[in-house]
Amino acid sequence: MRHLIQQLQKHRFLSPVLCFASLLFLDISFRWIYSFVGSTSLFSTYPMGFSVGWSLLFTSLAMLLPRLVRRIVMGILIFFFAVLVLVHAVMYNIFGNFFSFSDLNFAEDGFKFFSWAYLDVRILLIFCILFSIFLMGLAIAAAPPNREDVPWWKSRILPLGMGILSLLPILGLHHALMQEEETVLTWDFALHSGPAYQTFTDMNRCMMISGLYQYTCRNFLLSFNLVGETVDVEALDTFYSQRAQEISGTNEMTGAFEGKNLIMIMMESIDTWMITPEYTPNLYALQQESINFANHYTPLFLSAGTFNTEITSQTGLIPPLTGLSNSAYSSNSFPLSLANLFENKGYSANSFHSASPVIYNRGAIHTNLGFEAYHSYEDMDMEDYQLDSQLINGYDLFAPLQGEAPYFSYIITYSGHGPYTDELSNISDPHLQAAQAAVAASGVTGSEENMEEYTLAIAHAMETDAFIGELIDRLRADGQLEDTVLLFYSDHYGKYMTDLEFLKEIKGVGDSETELYHTPCFLYSADQAPQTIEKYTSTVDLVPTLVNLFNLDADRRYYIGDDIFGDQGGVVIFPNYAWYDGDIYYSADYDGEITQYIQDTCAAVKARLDASYDTLKSDYFAYLLAEGLLSS
């Protein structure tokens, strides 16, 4: 081995060549394995230019260093990016999107739900990573001793020149993408790379456009708001002024529930296929007696799916993927949040979730949203915070006996959470026999692993259903059910099922990724006749709908969604400016006829998403309050 290393070191240019090859191979092989996620060709100018440029830049910088430091830096480089590639792979397995540094806002809390079941990484990817590490190992071994007969500055002229040369493709291609504009008003990212790269909201497509290293650099800068233009407040003023002409007006449901209590229940991971008479009889019975929003969707814009839906369903705004820290939600102004609006109308408003208030910083965020308090498992006297059935211990807090003031209680359940393994047997065990019997009678079939996971998922859902049943019984016994409206909706689809194809099968959505986001949502009121709403709706429509139903004092132009019972809306907005109206699903790979309707809808969807992002990034409502343009 020592002789081999000595032979390698005789060829002074072998070390930088191997270093360059290692970095370039890691990038290309990663994009090749995941080439199916985007429409950009593997060897297109943009990704290859960025990949070659960054690989050359890293190699040049390493060659400028003394031998020992150079070896350490090369080792750190390959280790960092090898781990990052693995993180991308795992994130894609779980969420369908590559990693973004903005995900670090929620990493500490998300890691609490980590399971080894999620680490299903392709063997080919592991091989490519190991081969890249092997090449870099040879590069480190081949690093020759510093030449004492050559002045230090002469030995650095060539790598310095290579480093400067490497900046040409990096900066040149970046400039070209930042200048590239659409030639037609379709927002068709399959044809135009520039808009996707500029907004950097489609992580998968941006990875294919940018390559591993440019993606990492740009995503880091954007995620921590280190680059980018200042939000144009005047543009937001113009958008919301126009938006006032587009929202629904009053209708037959305006004020239908004014003065009633509201219990809003966001159900953790309760998917459409879980609500059956056999699996969740209490939820099923309520759904049959409710206003059922049959075509409701829960798109996820953040990897932290629960937090994503939580913020959207309380503010009517969609969280941006980059440029906003978690702390902004605990410091920005939210005068039009549901909690603030209900309190302005004389309600008490409190939130309830078994998890600690430090998880996702809920304690601070919920009070900033206007809730009087965030109540965790300690406040509700729960012995096991993972068991939804014990939420009923807090009944007197979230359903106080009718007094002078009505109440708004926001409850987030927990037990539907994955992984669906023995790790959470405390949730599944009390319902396991019932779940096994119900699943056996259902006719659902699959591999042993899939069926075991499916059965445990049903057991988790049964635990949530037990709480719902007890809650309805208590409300009825106390005489409060007649005066209380209950809204049930899910934070996301059953994404903790590890086999995506099996999940699609049991959900009955075929190959459609879009239909995975189809989730339960229904509104119960004892004096409201059951009905089914066929209009296409999503989480962003919940706040303006409740504003209308309870006749809350809010200017609905500042919500990105619309009243479900109104004459506007009906278009579900997905990440990356995709949308669905029940007939057309428009996304980056849309290949149908581009009609005027499609152009107009694309422009409207982009304007609404951008406005939502900029509103949160700029703390726009604080500006409106300061200028006296909005009352608190």
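Lys260 is buried, with a relative accessible area of 11%. Buried means under 20% relative accessible area, exposed over 50%, and partly exposed in between (1.4 Å probe, protein chains only). The model is predicted: local features need pLDDT of at least 70, side-chain atom pairs count only at pLDDT 80 or more, and totals for chains, interfaces and linings use all residues. Residues are numbered from 1 along each chain as its sequence is written, and side-chain values use heavy atoms, with hydrogens and water left out.

Lys260 has a partner. Its side chain meets that of Asp527 in a salt bridge, at 2.8 Å from N to O. Lys260 sits in the loop between α10 (233-243) and β1 (261-267), and Asp527 in the loop between β7 (521-524) and β8 (531-538), so the pair ties together parts that are 267 residues apart in sequence. A salt bridge here is a side-chain nitrogen of Lys or Arg within 4 Å of a carboxyl oxygen of Asp or Glu. By this rule the count comes to 11 salt bridges. Side chains of opposite charge can pair when their charged atoms come close.

Asp27 and Arg31 form another salt bridge, their closest N and O atoms being 2.8 Å apart. This one stays within a helix. The two residues are four apart in helix α2 (residues 14-33), so about one helical turn separates them. Helices (H or I, at least four residues) and strands (E, at least two) are DSSP runs, numbered from the N terminus. Asp27 is buried, at 0% relative accessibility. Arg31 is buried too, at 1%.

Now turn to helix α19 (residues 500-507), where Lys504 and Glu501 lie three residues apart, about one turn of the helix. Their side chains meet in a salt bridge at 3.9 Å, N to O. Lys504 is buried, with a relative accessible area of 5%, whereas Glu501 is partly exposed at 48%. Glu513 joins them: Glu501, Lys504 and Glu513 are linked in a network of salt bridges. Glu505 is also in helix α19. Glu505 counts as exposed, at 53% relative accessibility. The C-alpha atoms of Glu505 and Val444 are separated by 9.5 Å, with the two residues 61 apart along the chain.

Next comes a charged region of the surface. Asp422, Glu423, Asp429, Glu448, Glu449 and Glu452 form a negative surface patch. Patches are made of residues with over 30% relative accessible area and no salt bridge, with like charges joined within 9 Å and nonpolar side chains (Val, Leu, Ile, Met, Phe, Trp, Tyr) within 5 Å. Asp and Glu count as negative, Lys and Arg as positive; His and the chain ends are not counted. Each charge is placed at NZ of Lys, CZ of Arg, CG of Asp or CD of Glu. Glu452 lies in helix α18 (residues 448-477). Glu452 is partly exposed, at 45%.

His366 is in helix α14 (residues 362-368). His366 is buried, with a relative accessible area of 1%. Leaving aside neighbours within four places in sequence, His366 is in contact (heavy atoms within 4.5 Å) with Glu310, Ser351, Phe371, Tyr374, Tyr410 and Ile412.

Finally, the whole chain. It has 22 helices and 11 strands. Of its 632 residues, 56% count as buried. Among contacts between residues at least 6 apart in sequence, 77% join residues at least 24 apart. The accessible surface comes to about 26,100 Å², of which 56% belongs to carbon and sulfur atoms. Accessible areas come from the Shrake-Rupley method with a 1.4 Å probe; for residues, only the protein chains shown count as cover.
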